[in-house]
Amino acid sequence: KSNKAFSFLKFHLISTLIFKLIYWSQDYFMTHYLNVSDKVGLGKGMPPTNSLFYWLWFSAITQTTIGYSGPASQSGVTITFAKNHNLLFKIINLTQIMSVFFITAYLIN
């Protein structure tokens, strides 16, 4: 039983760190390549790019399913999921939320 608990913790910590980098990468891309992201239909970013620490916090909040009102930019503006026009962010966020279910289901067997 303790081996499963360690695996549970390990998989969720690794997932949190991986998604932190993915969130930061999409934030950087959406902020610095506005024309490209808009042209391919991903939406628009909100400059400036948030820090890696912010995305670690956001990823941990998502992975633990604690919840939040939405991502905030460095200017302090909070955006709800429905009003966020960043399609890439929405895809990544939903993928991370689903990873919580997949990791748990994998470890139950």
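Me: Reading along the sequence, what pattern does the protein chain follow?
Reply: The protein chain runs α-α-α-α. Helices here are DSSP runs of H or I with at least four residues, strands are runs of E with at least two, and both are numbered from the N terminus.

Me: How many helices and strands is that?
Reply: Four helices and zero strands in the protein chain.

Me: What kind of model is this, and how are residues numbered?
Reply: It's a predicted model, where local features need pLDDT of at least 70, side-chain atom pairs count only at pLDDT 80 or more, and totals for chains, interfaces and linings use all residues. Residues are numbered from 1 along each chain as its sequence is written, and side-chain values use heavy atoms, with hydrogens and water left out.

Me: OK, what share of the protein chain is buried?
Reply: 37% of its 109 residues count as buried. Buried is under 20% relative accessible area, exposed is over 50%, and partly exposed is in between (1.4 Å probe, protein chains only).

Me: And the accessible surface, what does that come to?
Reply: About 7,000 Å² for the protein chain, with 71% of that belonging to carbon and sulfur atoms. The areas come from the Shrake-Rupley method with a 1.4 Å probe, and for residues only the protein chains shown count as cover.

Me: What about contacts between residues at least 24 apart?
Reply: Taking contacts between residues at least 6 apart in sequence, 64% join residues at least 24 apart. A contact means heavy atoms within 4.5 Å.

Me: Switching to rings. How many aromatic pairs are there?
Reply: The structure holds 14 aromatic pairs. Rings of Phe, Tyr and Trp (its six-membered ring) pair if their centres lie within 6.5 Å; planes under 30 degrees apart are stacked, over 60 edge-to-face, and the rest tilted.

Me: Why is the F19 and Y23 pair called tilted?
Reply: Their planes sit at 45 degrees, with ring centres 6.3 Å apart, so the pair counts as tilted. F19 and Y23 are both in helix α1 (residues 2-32), four residues apart, which is about one turn of the helix. Both are buried.

Me: And Y54 with F58?
Reply: That aromatic pair is stacked, 6.3 Å centre to centre with 25 degrees between the planes. Y54 and F58 are four residues apart in helix α3 (residues 52-63), so about one helical turn separates them. Both are buried too.

Me: Which residues do the ring pairs link into a cluster?
Reply: F19, Y23, Y54, W55, W57, F58 and F89.

Me: Where does the charged end of K10 sit?
Reply: Over the ring of F11, 5.6 Å from its centre. For that label, NZ of Lys or CZ of Arg has to be within 6 Å of the ring centre and within 35 degrees of the ring normal.

Me: Which residues make up the largest nonpolar core?
Reply: Seven in all: F19, Y23, Y54, W55, F58, F89 and I92. α1, α3 and α4 (87-108) are the elements that give two or more residues to this core, and α3 gives the most, with three. A nonpolar core is a set of buried Ala, Val, Leu, Ile, Met, Phe, Trp, Tyr and Cys residues joined through side-chain atoms within 4.5 Å.

Me: Stay on α3. Which of its residues are buried, and what covers them?
Reply: The buried ones are Y54, W55, F58, S59, I61, T62 and Q63. Their cover includes α1 and α4.

Me: What span should α3 have, at 1.5 Å a residue?
Reply: 16 Å for its 12 residues, and the end C-alpha atoms are 16 Å apart, which agrees. The expected span is 1.5 Å times one less than the number of residues.

Me: What follows α3?
Reply: T65, which has a positive phi, near 55 degrees.

Me: Last one: Y106, buried or exposed?
Reply: Exposed, with a relative accessible area of 57%. Y106 lies in helix α4, and its C-alpha atom is 9.5 Å from that of F8, 98 residues apart along the chain.
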